[in-house]
Amino acid sequence: MPQENNLSPNSLAFIALANEYCHAVENVFEYGERSAFIAEMLKLLPRLYISASDIKIDDENETGGYIDSFLDENDYDAARANMSRIIGEDDTYLEVFIDDMKYSDTPISTNISENLADIYQPLYNFVATVKDATNETILEAIAAIKADFDTYWGQTLCNVLRALHSIYYKA
């Protein structure tokens, strides 16, 4: 007997966007040029932000679920290094939305590639979790990724989007 699909259209769209983002990161060199990869990120990141923001968690799944870690450190490092290579000299930017910044007299820098990899990691684990999962597991994973978005990678996404915009539209 087929299982009832009680996933919202936004949840389904988020799953598809998460998969699309992971595919873009994993195939960074298929874009050929830095500008093509950055253009793709500038299209995907706002859509991910809106889709994640619109996820509604029902009372049953409000406590969230748990997402196993499927991405190992070597794959994370490879993704980060590949993105760093294609972004090149503009990979480092000054960050202002870090808690330590209010206590620092010197600028704090971060890397676009590391921020994109920090978004890639939870999305990769999420996609790996929901692939061929039951509806119950998918709903729990959606609650977990939404909680992670609210507390961590949503801010990272906003920060790196600003840096990518600056590079792409630099005269």
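At what angle do helix 2 and helix 4 pack, and how far apart are their axes? The views below come from a predicted model, in which local features need pLDDT of at least 70, side-chain atom pairs count only at pLDDT 80 or more, and totals for chains, interfaces and linings use all residues. Residues are numbered from 1 along each chain as its sequence is written, and side-chain values use heavy atoms, with hydrogens and water left out.

**View 1. Packing of helix 2 and helix 4.** Helix 2 passes helix 4 in a left-handed crossing (the near helix is turned anticlockwise from the far one by less than a right angle).

**View 2. Residues of the contact between helix 2 and helix 4.** Helix 2 contributes F37, M41, L45 and L48. Helix 4 contributes L116, I119 and L123. Contact means heavy atoms within 4.5 Å. Seven of these residues are nonpolar, none polar and none charged.

**View 3. The aromatic pair Y168 and Y169.** The whole structure holds seven aromatic pairs (ring centres within 6.5 Å). In Y168 and Y169, the ring centres lie 4.9 Å apart and the planes stand at 80 degrees, so the pair is edge-to-face (over 60 degrees). Y168 is partly exposed, at 35% relative accessible area (between 20% and 50%, 1.4 Å probe, protein chains only). Y169 is exposed, at 55% (over 50%).

**View 4. An aromatic cluster.** F14, Y49, F126, F149 and W153 form one cluster.

Notes:
Axes fitted to C-alpha atoms, helices over the stretch in contact; angles between N-to-C directions. Helix = DSSP H or I, 4+ residues; strand = E, 2+ residues; numbered from the N terminus. Nonpolar A, V, L, I, M, F, W, Y, C, P; charged D, E, K, R; others polar. Phe/Tyr/Trp six-rings, centres within 6.5 Å; stacked < 30°, edge-to-face > 60°.
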